[in-house]
Amino acid sequence: MEPVSLVVGAAIALGGVMIGRMMPRRPPYPAPPPQVPAVSAKPATPQPICGCGHHLVFHDQETKMCQAQVVIPGRWVGQSGGTYRPCKCQGYRGPVPVDEYYAPDIIGGDS
């Protein structure tokens, strides 16, 4: 390399650094507004979801086998579209939903 090209390259780099130091700073990006969670009317109860990801209603009550179908994308089996296969879940083992009971009000009744 010739010394003139090294000096020109160093001058260009030094000029870029000096211009960057003299330019006014950009204002920082504005902070995004805080996300307020949506308030629902009643609290969400936990749903009985099985290990396969399906709800309890998709499992047969007698055999406990899952009756839902899952979609297998075509790129995994070499097809252009997806295929439907029965779910391989052997039975629902998740939490059993609590039965709802009615208890009459004690206050304000006939005394």
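Mentor: Let us start with one residue. Contact means heavy atoms within 4.5 Å. Leaving aside neighbours within four places in sequence, Ala68 is in contact with His54, Phe58, Arg85, Pro86 and Cys87. This is a predicted model, in which local features need pLDDT of at least 70, side-chain atom pairs count only at pLDDT 80 or more, and totals for chains, interfaces and linings use all residues. Residues are numbered from 1 along each chain as its sequence is written, and side-chain values use heavy atoms, with hydrogens and water left out.

Trainee: Which residues make up the largest nonpolar core?

Mentor: A nonpolar core is a set of buried Ala, Val, Leu, Ile, Met, Phe, Trp, Tyr and Cys residues joined through side-chain atoms within 4.5 Å. Buried means under 20% relative accessible area, exposed over 50%, and partly exposed in between, with a 1.4 Å probe and protein chains only. In soluble globular proteins, nonpolar side chains tend to be buried together. Here the largest such core has five residues: Ala68 together with Cys50, Cys66, Cys87 and Cys89. Cys66 is buried because its relative accessibility is 8%, and Cys89 counts as buried at 12%.

Trainee: How many disulfides does a search of the whole structure find?

Mentor: A disulfide is a pair of cysteine sulfur atoms within 2.5 Å. The search finds zero. For Cys66, the closest cysteine sulfur is that of Cys87, and at 3.8 Å it is too far for a bond.

Trainee: Where does His54 lie, and is His54 buried or exposed?

Mentor: Helices (H or I, at least four residues) and strands (E, at least two) are DSSP runs, numbered from the N terminus. His54 lies in the loop between α1 (3-22) and β1 (69-72). With a relative accessibility of 13%, His54 is buried. Apart from neighbours within four places in sequence, His54 has contacts that include Cys66, Ala68 and Cys87.

Trainee: In which element is confidence lowest, and in which is it highest?

Mentor: pLDDT is the predictor's confidence in each residue, from 0 to 100. Where pLDDT is low, the predicted coordinates should not be read in detail. Confidence is lowest in helix α2 (residues 74-77), with a mean of 62, and highest in α1, at 92. The chain averages 76, and 73% of the residues score at least 70.

Trainee: What is the order of the elements from the N terminus on?

Mentor: The elements run α-β-α-β, giving two helices and two strands. Of the 111 residues in the chain, 11% are buried.
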